[in-house]
Amino acid sequence: METNMANLDIIESEMLPATLEEEIAVTLKNHPVTYSLPRDFYTSEEYFNVEMKQIFEKEWLFVGLTCEIPRKGNYITQQIAGNPVVIVRDQNNEVKAFHNVCRHRGSKICLASKGKAAKLVCPYHQWTYELDGDLLFAGTEMGEDFDLKKFHLKPVNCKTAGGYIFISLSKNPPNIDDFFETLAHYLEPYDLENAKVASEKTIMEDANWKLVIENNRECYHCNGSHPELLGSLLEWDDTDDPRATDEFKQHVASKQAKWDEEGIPHEHKSFGHAKRNRIVRMPLKEGIMVMTMDGKLACDKLMGRIKNPDLGSMRILHLPNSWNHAQSDHLIAFQVRPISATKTEVTTKWIVHKDAVEGKDYDVDNLTVVWDQTNLQDRTLAENNQRGINSSAYEPGPYSPTYEFGVINFIDWFSHTMQANLNAGGK
């Protein structure tokens with residue numbers, strides 16, 4: 001009997017995952033996507049670090065807009081899963097991204113969140129790089145045989161689509177060109193190269209990044225939490241939604257006919273596993289132009305080539321880190337940056353026509369108030385969600401297939417992507 005028990009122990013130990021990565025992959029494989037995740041996925045720093053490696057260091061991430069770096073030498077910086085990155089408009093007017101790390105002794109080069117520079121100069125020992133990353137100067141102290149060409153800045157994969165900037169830290173990022181091409185087509189009317197950021201605000205949420213995304217992916221909570229937002233927003237973003245009424249479908253059809261006359265794209269487009277990327281234009285409530293408290297335009301100067309102020313909201317989802325609302329007079333872009341297992345930064349940018357004048361064409365408070373309030377309300381919801389999950393009493397609960405199908409899609413995408421990247425062996 002003792003021998004048999006010993007053999008059983010050996011067999012069971014061989015069946016157990018050998019690493020944390022294997023444990024995570026096995027857990028996700030066996031976990032139904034119709035239920036919230038096990039506790040460690042929302043609380044564990046070890047799990048969080050694996051997610052950063054497998055998702056935020058491999059997938060394409062939204063990091064900003066080309067209008068934020070309109071001229072040669074303009075740059076913005078990002079911190080992605082502990083990796084400092086600089087995105088710059090180079091001397092050839094191309095948008096490039098680099099690891100913001102000097103090739104000398106590793107100091108960060110660009111220290112501000114945004115700025116303008118003729119060259120990229122390391123503040124430590126003044127190594128100087130061209131805007132395209134080439135090393136120009138390292139000082140005579142490095143010796144006559146020092147080869148500048150061997151020490152250019154390390155590039156980061158970077159693509160632009162319709163004025164949006166995406167980067168991937170992976171050497172072999174996934175191919176989502178179909179999404180990029182469609183996004184460029186749908187954003188064409190807004191001419192984001194000729195836009196500007198009218199307001200930018202960042203809040204810290206004491207919640208796991210997935211809870212922030214989950215909260216955004218459903219409006220089950222809206223009636224009880226978002227009075228300002230529901231003054232303009234229709235909950236459904238698809239006429240195929242089982243809850244959609246005939247009145248809603250007629251409202252959508254009426255607006256779509258007018259959009260077609262102006263060549264404004266609106267059809268629902270989805271890409272990738274579990275619709276990880278989605279674009280759809282939906283009308284707002286009848287008589288509402290944009291997401292303001294009174295439903296009237298927030299900016300008198302419409303964006304790009306747009307003439308019709310009643311374009312509703314074009315909703316853009318990009319997992320894992322962005323959602324957006326594009327309207328006739330302004331666009332709102334959201335970026336999620338995980339900080340730790342229980343801390344997440346959410347940055348919101350309100351974008352208007354570059355020639356719009358503050359105080360004349362738009363008032364910042366009026367422009368931002370609806371989503372200012374909504375963001376604060378969402379922060380409270382996510383933080384309370386985190387506090388409950390921190391409890392030993394928490395166990396995964398079921399999502400509603402009608403009200404929370406968007407959350408199910410997100411958990412499905414997260415689980416699928418984590419398993420695929422883990423099983424790829426870190427390639």
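Predicted model: local features only at pLDDT ≥ 70, side-chain atom pairs only at ≥ 80, totals over all residues.
A residue is called buried when its relative accessible area is under 20%.

**Helix 5.** Select residues 177-187, which form helix 5. Its buried residues are Phe179, Phe180, Thr182, Leu183, Tyr186 and Leu187. Next, display what covers them: the cover includes strand 9 (155-161), strand 10 (164-168), strand 12 (269-271), strand 13 (277-282), strand 14 (313-318) and strand 16 (331-340).

**The largest nonpolar core.** Select Ile87, Trp209 and Phe414; of the 66 residues in the largest nonpolar core, these touch the most other members. Helix 10 (residues 405-423) gives the most to this core, contributing eight residues. At least three residues come from each of domain 1 (58-190) and domain 2 (191-395). Apart from this core lies another, of 30 residues, and Leu183, Trp259, Met314 and Leu331 are among them.

**Around Trp209.** Centre the view on Trp209. Leaving aside residues up to four places away in sequence, Trp209 touches Phe48, Glu51, Met52, Ile55, Phe56, Pro320, Val336, Pro338, Thr344, Phe410 and Phe414. Trp209 also belongs to one aromatic cluster with Phe41, Tyr47, Phe56, Phe410, Trp413 and Phe414.

**Aromatic pairs.** The count of aromatic pairs comes to 22. Select Trp127 and Phe146, an edge-to-face pair at 5.6 Å centre to centre, with 65° between the planes. Trp127 lies in the loop between strand 6 (120-121) and strand 7 (128-129) and Phe146 in the loop between strand 8 (135-137) and strand 9, so the pair ties together parts 19 residues apart in sequence. Trp127 counts as buried at 3% relative accessibility, whereas Phe146 is partly exposed at 21%. Then select Phe166 and Phe180, a tilted pair at 5.0 Å centre to centre, with 45° between the planes. Because Phe166 lies in strand 10 and Phe180 in helix 5, this pair joins parts 14 residues apart in sequence. Both Phe166 and Phe180 are buried.

**Charges over rings.** Show Arg243 and Tyr403: the charged end of Arg243 sits over the ring of Tyr403, 4.5 Å from its centre. At Arg281, the charged end sits over the ring of Trp259, 5.8 Å from its centre.

**Cysteines.** Finally, select Cys219 and Cys222, which are joined by a disulfide with an S to S distance of 1.8 Å. The torsion about their S-S bond is about -105°, so the disulfide is left-handed. Both Cys219 and Cys222 are buried.

Methods:
Residues numbered from 1 in each chain as written. Heavy atoms only, no water. Core = buried A, V, L, I, M, F, W, Y, C linked by side-chain atoms within 4.5 Å. Buried < 20%, exposed > 50% of the residue type's maximum accessible area, 1.4 Å probe, protein only. Helix = DSSP H or I, 4+ residues; strand = E, 2+ residues; numbered from the N terminus. Domains from an automatic or database assignment. Contact = heavy atoms within 4.5 Å. Disulfide = S-S within 2.5 Å. Phe/Tyr/Trp six-rings, centres within 6.5 Å; stacked < 30°, edge-to-face > 60°. Lys NZ or Arg CZ within 6 Å of the ring centre and 35° of its normal.
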